[in-house]
Amino acid sequence: MPTTRKKNSKGGSTSMFPKKPADVLKMIKDNNIEFVDLRFLDFIGTWQHFSIPAREFDASTFEEGLGFDGSSIRGWQSIHASDMLMIPEAVTARIDPFLTIPTIAIICAIVDPITREPYSRDPRNIANKANAYLKSSGVGDTAYFGPELEFFILDDVRYDQTANSGYYFIDSVEGIWNSGADEGPNLGYKPRHKEGYFPTPPTDSYQDMRSEMVVVLEKLGILIEAHHHEVATAGQAEIDMRFAPLIQMGDQMMWYKYVIKNVAKSYGKTVTFMPKPLFEDNGSGMHVHQSIWKKNKPLFAGNGYAGMSDMAMHYIGGILKHAPTICAFSNPITNSYRRLVPGFEAPVNLAYSARNRSAAVRIPMYSPSPKAKRLECRFPDPASNGYLTFSAMLMAGLDGIEKKLDPGDPLDKDIYSLGPEELADIPSVPGSLEDALKALEADHEFLLKGDVFTEDVVETWIDYKMENEVNPIKLRPVPYEFMLYFDV
């Protein structure tokens, strides 16, 4: 049985959102907090943490920070320069809704213990620098992002790789392959392949679970616009956050994944944000809505195509030009490119259009309000690190604005139905992670502006991904190769 709400109630009210260190200390006292959990991201984008007794945490911690070993974090320091400091960010403090012992979680900035300079490989620091660059450019003061993360809710996951074997097996009570299983009894409500979009219960068996996920997210201050079953069989789902400024949305995306996984676990389920866990059905994408504002005024509304401004069109031009490089961050794993295959469900063609979901960049037309004017980048996936993905897209868009890049003519056709001749002149996203990393190596000057990304960050990202992901995948046979080639 799910236990999330019971545990959440033990920690006191999670509706308190602090703004300064004194607010955090008051939260600790008022809610009888016993532990403070310090969280930060490794270079690849996974939350790391350690906890200290609440009595060890006071106002000085926000100034002095807490030391840790940076050499043990993926993609970070070498052993001879391993000491690092984490500085708690008071505004991020939230009472953890899952832990039995009352615990407050705080996201931290990472700094060098000697120079006190923000660490260049801290993804959150990169996002902070992207935000600062936007303001310094004079273009705008706020970049809003609204990612739509999709994921699969599963019942069983097993995988292994040895010298003489390799396999994966996933299962879901909703999986259409279980239509003939003896489930004592099998009630038969299994979404067919590509027919999972918007069915009501009982076919949508995860309504209550997703609703609980939303309840927990909103108690953490993360506003949700909608949730629903997604296209694929086997429990594919989507929960949409309301748009928020870049840094805030980066923080929210980390909480989002944490909440989704832990609520699912309380139901005896597991969740994956891997883009393509299933063969012959839709993968999980992360469509990213974005816009720039200045002094509380939207800058993407205008009198041009689809009601967009010249600035917005130049931004789109930047996204389309630098899309292969963006993919190195927005589609950051080898599995990402099992989804980005021409002729299938993902928008791989680098074109833009109003309303058209087959284009890589779509201009939503739901509302005529200037505040609703935005673009939607459709090729990213939820394996990505939000801080890096949003920053790379913002820098590409700003490069487009600075250089007045022309996105070309819109493609107001179903791109999936176009023949080879019509597609010949339309560029596409990279076909593999290796190709995306090559694009990043060749085209990253726009990322270096304002020292947002650094040469060290770019080189380390490429080296890490090649050594730890691309090359290891190349070295291993996959099961289907035996189907194709064993009898050669």
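Me: Hi! Among contacts between residues at least 6 apart in sequence, what share joins residues at least 24 apart?
Reply: Hello! In this predicted model, 69% of those contacts in the chain join residues at least 24 apart.

Me: Nice. How many helices and strands does the chain have?
Reply: There are 14 helices and 18 strands. The radius of gyration is 23 Å, close to the 23 Å that the globule rule gives for 488 residues, so the chain is as compact as a globular protein of that length.

Me: And what does the C-alpha trace span along its principal axes?
Reply: About 65 × 65 × 50 Å.

Me: What percentage of the residues is buried?
Reply: Buried residues make up 54% of the 488 in the chain.

Me: Which residues touch the most other members in the largest nonpolar core?
Reply: Those are Phe145, Phe151, Ile292, Phe379 and Leu394, out of 127 residues in that core. Helix H6, residues 246-266, gives the most to this core, with twelve residues. As a general point, nonpolar side chains tend to be buried together in soluble globular proteins.

Me: Let's pick Phe151. What does it touch?
Reply: Leaving out residues up to four places away in sequence, Phe151 touches a list that includes Met213, Tyr256, Ile260, Val271 and Phe273. Ala237 and Glu238 are also among its contacts.

Me: New topic: histidine 228. Is it buried or exposed?
Reply: Histidine 228 counts as buried, because its relative accessibility is 12% and buried means under 20%. You'll find histidine 228 in strand S10, residues 224-229.

Me: Which residues does histidine 228 touch?
Reply: Not counting residues up to four places away in sequence, histidine 228 touches Tyr197, Phe198, Arg210, Ala237, Glu238 and Asp240.

Me: Phe198, then. Where does it lie?
Reply: Phenylalanine 198 lies in the loop between S9 and H5. Its phi is positive, about 70 degrees, although it is not a glycine. Phenylalanine 198 is exposed, with a relative accessible area of 52%.

Me: What sort of peptide bond joins glycine 184 and proline 185?
Reply: A cis one, with omega about 0 degrees. Proline 185 sits in the loop between strand S9 (166-171) and helix H5 (207-219). The bond from proline 201 to proline 202 is cis too, with omega near 10 degrees, and proline 202 is placed in the loop between S9 and H5.

Me: Last one: how many positive and negative side chains are there?
Reply: The chain has 50 positive and 65 negative side chains, and the centres of the two sets lie 6 Å apart.

How values were computed: Residues are numbered from 1 along each chain as its sequence is written. This is a predicted model: local features need pLDDT of at least 70, side-chain atom pairs count only at pLDDT 80 or more; totals for chains, interfaces and linings use all residues. Side-chain values use heavy atoms; hydrogens and water are left out. Helices (H or I, at least four residues) and strands (E, at least two) are DSSP runs, numbered from the N terminus. The radius of gyration is taken over C-alpha atoms; the globule rule is 2.2 Å times the number of residues to the power 0.38. Buried means under 20% relative accessible area, exposed over 50%, partly exposed in between (1.4 Å probe, protein chains only). Contact means heavy atoms within 4.5 Å. Lys and Arg count as positive and Asp and Glu as negative; His and the chain ends are not counted. The place of a charge is taken as NZ of Lys, CZ of Arg, CG of Asp or CD of Glu. A nonpolar core is a set of buried Ala, Val, Leu, Ile, Met, Phe, Trp, Tyr and Cys residues joined through side-chain atoms within 4.5 Å.
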